[in-house]
Amino acid sequence: MAQSSNNASGIIVPVILCGGSGTRLWPASRESHPKQFLSLTGETSLLQNTASRALRISGAKASNLVVVTLAAMKTLIEKQLSETLGGSPSHIVSEPCARNTAAAVAAAARYVAQNFDEDALMWVLPSDHHIGNELALAQSFAHALDAARDKKLVTFGITPTRPDTGYGYIRAKKSDAGKTVMGVEEFVEKPNFDTAKKYLQSGDYMWNSGMFLFSAKTVLDEFETHAPDILAGVQAALQHGVLDAPAYAKIPSQ
C-alpha cells in the first residue's frame with residue numbers, strides 16, 4: 001500500500017489544507033473549532049485521520065507533513081497532530097488571513113520547493129474528508145504517481161451518486177475511458193441542480209474531491225502561466241517560511 005518517500009523522482013510531501021469557517025455543522029463546528037477538529041467517525045478527529053491516512057498510503061515520513069492553516073488554528077493543530085504523530089509537526093504554514101485554495105496551494109508549493117526540493121511530489125489533501133474505502137484511495141494514489149512524475153497535475157475524481165450542487169464536477173476525456181488515469185476535458189464549479197442531474201445521467205462526470213498530486217515545480221510553473229498575480233503575491237509574502245500579513249492580504253482570493 002505504501003510507496004517509498006525517498007525515490008529518485010523526488011520525495012512525497014503530504015500537504016493538508018486546514019482552513020474552514022465552521023459553518024456547515026454549527027453549533028458543533030464553529031469558526032474557532034471547525035469540523036476537521038471534531039471526532040465524527042471515531043475517537044480521533046478528521047484532521048488526525050487525514051494525517052495518519054496520508055502517511056500510511058504515501059509512505060512519507062511524519063517529518064515531511066506540511067499543514068497550511070489560518071494562524072488562529074495553529075495551536076490546536078499542533079496539539080492534535082502531536083497526539084497522532086508522537087511529536088509536534090515540523091512544517092505549519094500559517095496564513096494571516098484566508099485567501100482561498102489557490103493562494104494556499106501556491107504558498108505550499110513555494111514552501112515545499114524551498115524546504116524540501118522543487119521536484120518533491122505534493123499530495124494536497126483537505127483536512128475534513130472521511131474515506132470509507134482506504135484501499136481504493138491507495139490504489140488511486142499509486143496510479144497517480146507516474147502521471148505526477150511526468151509533470152502532470154493530477155486530480156482525484158469520485159463517482160457521483162446524486163445530483164449534488166455542492167461539488168465541482170470533472171469531465172474526463174472519453175478517449176481515455178477505461179484507463180486508470182484520464183485526461184481532463186472540463187471542470188465545472190458547483191453547477192445548478194438541473195445541470196448536475198444531466199451530469200449524473202450522462203455518466204461522463206466525476207465529483208472533484210479536492211485532492212491533488214503534482215510536483216512543486218510543475219504547479220509553480222502553471223501558476224506562472226495561468227495565475228501570475230497569485231504567485232507573485234505569494235513570493236512577496238513568503239519570507240523564511242513565514243507569510244507576511246500585509247503582503248498576503250493583497251493576494252486575490254480564488
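Which residues line the largest cavity? Before we get there, a word on what you're looking at: this is a predicted model, where local features need pLDDT of at least 70, side-chain atom pairs count only at pLDDT 80 or more, and totals for chains, interfaces and linings use all residues. Residues are numbered from 1 along each chain as its sequence is written, and side-chain values use heavy atoms, with hydrogens and water left out.

A cavity here is a set of points on a 1 Å grid over the protein atoms alone where a 1.4 Å probe fits but cannot get out, and lining residues have an atom within 4 Å of a point. The count is one cavity of 30 Å³ or more, and the volume of the largest cavity is about 50 Å³. Around it sit T50, R53, A54, W123, L125, P126, H129, I131, L137 and M211. Helix α1 (46-58) and strand β5 (121-126) each give at least two residues to that lining. Sort the lining by type and you get seven nonpolar, two polar and one charged.

Next, have a look at Q80, which lies in helix α2 (residues 74-85). Q80 is buried, at a relative accessible area of 8% (buried means under 20%, exposed over 50%, partly exposed in between, with a 1.4 Å probe and protein chains only). Its side chain makes a polar contact with the side chain of S45, at 2.6 Å (N or O atoms within 3.5 Å, one able to donate a hydrogen and the other to accept it).

Finally, the cysteines. C18 is buried at 0% relative accessibility, while C97 is partly exposed at 21%. The model has zero disulfides, meaning pairs of cysteine sulfur atoms within 2.5 Å.

Notes: 1 Å grid on protein atoms, 1.4 Å probe; cavity = no way out; pocket = protein on both sides within 12 Å on 5 of 7 lines; lining within 4 Å. Points joined across faces, edges and corners; volume = space filled by probe spheres on them. Helix = DSSP H or I, 4+ residues; strand = E, 2+ residues; numbered from the N terminus. Nonpolar A, V, L, I, M, F, W, Y, C, P; charged D, E, K, R; others polar.
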